[in-house]
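Open the structure in your viewer and keep the selection panel at hand. The stops below say what to select and what is there.

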Amino acid sequence: MSRTLIVAAAQMGPIPRSQSRQEAVARLIGMMVEARRMGADLIVYPEAALTAFFPHWWIEDEAELDAWFEREMPSAATQPLFDTAARLGIGFKLGYCELDMTTGRKRRFNTAILVDRLGRIVGKYRKIHLPGTDRHRPEHPFQNLEKRYFEIGDLGFPVWETMGGRMGMMICNDRRWPESWRVLGLQGVELAMLGYNTPVHNPNTPETDDLNNFHNHLSVQAGAYQNGTWAVAVAKAGLEEGVDQIGQSCIVAPSGEIVAQASTLGDEIVVARCDLDRCAVYKKHIFDFARHRRPEHYGLILERTGAGEPLGKTPG
Ligand code: ING
């Protein structure tokens with residue numbers, strides 16, 4: 001019996017800072033209903049899908065900062081999304097900003113949850129690669145203050161058995177780091193889901209601006225192919241509070257081929273049939289990790305954080 005999932009990438013256009021959680025959730029529910037009508041078993045939403053991407057702003061007041069976070073999930077505002085998912089029998093991946101009090105102190109994370117077709121939270125992931133800086137750059141047109149507002153994720157890169165396959169998550173900048181994909185790959189991931197808020201302009205490296213869409217797809221296509229997994233990468237796109245963000249949400253096959261891609265910068269659903277058994281040809285041959293990987297030669301990957309001195313020795 002084939003393990004084919006119909007997967008929807010639910011790209012979002014901008015969420016204005018004036019838009020309430022309820023209004024954002026209504027957009028998510030609207031896309032969930034449409035995706036189900038298109039036959040989707042699973043819908044993947046962007047990073048920070050409930051609010052504007054506030055790490056683009058310098059925020060000093062703690063209460064103002066905390067207002068952008070969810071203290072519980074589901075909350076009153078998001079419960080209707082869970083209820084709709086359970087009613088329609090569709091799973092979903094949701095990116096949001098989490099304020100956690102379970103350890104007795106306030107901890108803030110850039111978080112994603114995977115919810116199954118019965119509306120149950122199967123798993124949670126907290127963003128590990130936080131880009132940008134914790135410093136105010138007033139000379140920049142916008143900030144990226146994820147290192148200031150979020151703690152580094154403390155849940156690793158787990159893979160869960162659910163919906164007939166092995167599913168994993170990462171968030172935005174994580175996709176640029178092959179380690180994120182490989183840790184999922186070493187758990188046999190068959191469907192990797194991620195959301196992103198990626199500005200068109202990078203104030204530190206303006207010379208790469210026209211390559212941002214290419215680098216987005218390059219990262220996801222390489223990660224999918226090199227780990228024999230499907231990948232669903234979903235943007236919060238368009239001009240959000242003065243920051244132009246890329247779209248081009250996509251669904252990528254284990255071959256690395258893009259099989260579905262958004263073509264607007266707004267709320268847009270793209271759907272693909274993801275036959276999880278198509279991972280096997282890559283996992284069993286080209287990327288049969290057990291037969292081909294040589295961890296005894298990969299020591300630097302764990303020993304070094306930053307690049308260091310070359311190890312080459314000149315013979316003779
Ligand atoms: N955003 C961007 C991303 O990794 C970025 C930050 C953009 C880093 C371009 C490097 C180059 O897609 C988030 N939220 O991580």
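A pocket here is an open set of grid points with protein on both sides within 12 Å along at least five of seven lines, and its lining residues have an atom within 4 Å of a point. The model is predicted.

Start with the second largest pocket. Select Pro-131, Gly-132, Asn-144, Asn-202 and Asn-204, which lie nearest the centre of this pocket among its 25 lining residues. The volume is about 490 Å³. Colour the lining by class: 16 residues are polar, 5 nonpolar and 4 charged.

Next, go to the largest pocket, with about 740 Å³ of space. Its lining has 26 residues, and those closest to the centre are Pro-178, Glu-179, Arg-182, Ile-301 and Leu-302.

Now show the helices around the largest pocket. At least two lining residues come from each of α5 (178-185), α6 and α9 (299-303). Which of them gives the most to the lining? Select α5: its contribution is 5 residues.

Stay with α6, which spans residues 212-226 and includes Leu-218. Is Leu-218 itself buried, partly exposed or exposed? Leu-218 counts as partly exposed because its relative accessibility is 44%, and that class lies between the cut-offs of 20% and 50%.

Terms used: Residues are numbered from 1 along each chain as its sequence is written. This is a predicted model: local features need pLDDT of at least 70, side-chain atom pairs count only at pLDDT 80 or more; totals for chains, interfaces and linings use all residues. Side-chain values use heavy atoms; hydrogens and water are left out. Helices (H or I, at least four residues) and strands (E, at least two) are DSSP runs, numbered from the N terminus. Buried means under 20% relative accessible area, exposed over 50%, partly exposed in between (1.4 Å probe, protein chains only). On a 1 Å grid over the protein atoms alone, a cavity is a set of points where a 1.4 Å probe fits but cannot get out, and a pocket is an open set with protein on both sides within 12 Å along at least five of seven lines; lining residues have an atom within 4 Å of a point. Grid points are joined across faces, edges and corners, and a volume is the space filled by probe spheres set on the points. Ala, Val, Leu, Ile, Met, Phe, Trp, Tyr, Cys and Pro count as nonpolar, Asp, Glu, Lys and Arg as charged, and the others, Gly among them, as polar.
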